[in-house]
Amino acid sequence: MTIRYIHEPTDLQCGQAVLAMVLGKTAEEIADYLSNDRETTLAEMKRTFREHGVNISDKRIAVNNKQELPPLCLLSLETPRCWHWSLYCDGTFYDPEHGVMDDFPVCNRKYYWELSVLSDSNNATI
């Protein structure tokens, strides 16, 4: 899967940016779709992925290092500032706040939900 990095438009739109990167949309399109330009909930993340052909696991899994991650996953990270959504794909971290990285941004606790594309989500209508 090819990911085009999207920086979060505001400090509260990391979830919209992650959804946009996976679905091939803009963060603004996702915010409009959700009718939410603030923090996204796990329920919103799961619903939006599933409605656009991306399977997300139901189980949250704690992780210590990137070698434990599946090829594509949604990350929930406890950063020094807040809880934060991020994305991991094939060895690269696409963090809406911190940029494209080789490892996790600074964080205390880390969790993931595995993602798998069931259809061509980049053509899904928002």
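In which crossing, left-handed or right-handed, does H1 pass H2? The crossing is right-handed, a term used when the near helix is turned clockwise from the far one by less than a right angle. The model is predicted, so local features need pLDDT of at least 70 and side-chain atom pairs pLDDT 80 or more, while totals for chains, interfaces and linings use all residues. Residues are numbered from 1 along each chain as its sequence is written, and side-chain values use heavy atoms, without hydrogens and water.

Two packed helices are described by the angle between their axes and the distance between the axes. For H1 (residues 14–23) and H2 (residues 27–34), the angle is about 110° and the axes lie 8 Å apart. H1 is therefore roughly perpendicular to H2 (65 to 115 degrees). H1 contributes Gln16, Ala17, Leu19, Ala20 and Leu23 to the contact, and H2 contributes Ala27, Ile30, Ala31 and Leu34 (contact means heavy atoms within 4.5 Å). Eight of these residues are nonpolar, one is polar and none is charged.

Next comes strand S3 (residues 72–78), where seven of seven residues are buried (under 20% relative accessible area, 1.4 Å probe, protein chains only). In a regular strand the side chains alternate between the two faces of the sheet. In S3, Leu72, Leu74, Ser76 and Glu78 point one way, and Cys73, Leu75 and Leu77 the other.

S3 runs antiparallel to S4 (residues 83–89), joined by seven bridges, and a hairpin of four residues connects S3 to S4. S3 is also antiparallel to S7 (residues 110–117), with five bridges. Strands pair if DSSP finds at least two bridges between them. Leu77 has His84 as its bridge partner in S4 and stands opposite Lys110 in S7.

Conventions. Axes are lines fitted to C-alpha atoms, for helices over the stretch in contact, and angles run from 0 to 180 degrees between N-to-C directions. Helices (H or I, at least four residues) and strands (E, at least two) are DSSP runs, numbered from the N terminus. Angles under 35 degrees count as roughly parallel, over 145 as roughly antiparallel, 65 to 115 as roughly perpendicular and the rest as oblique. Ala, Val, Leu, Ile, Met, Phe, Trp, Tyr, Cys and Pro count as nonpolar, Asp, Glu, Lys and Arg as charged, and the others, Gly among them, as polar. Buried means under 20% relative accessible area, exposed over 50%, partly exposed in between (1.4 Å probe, protein chains only).
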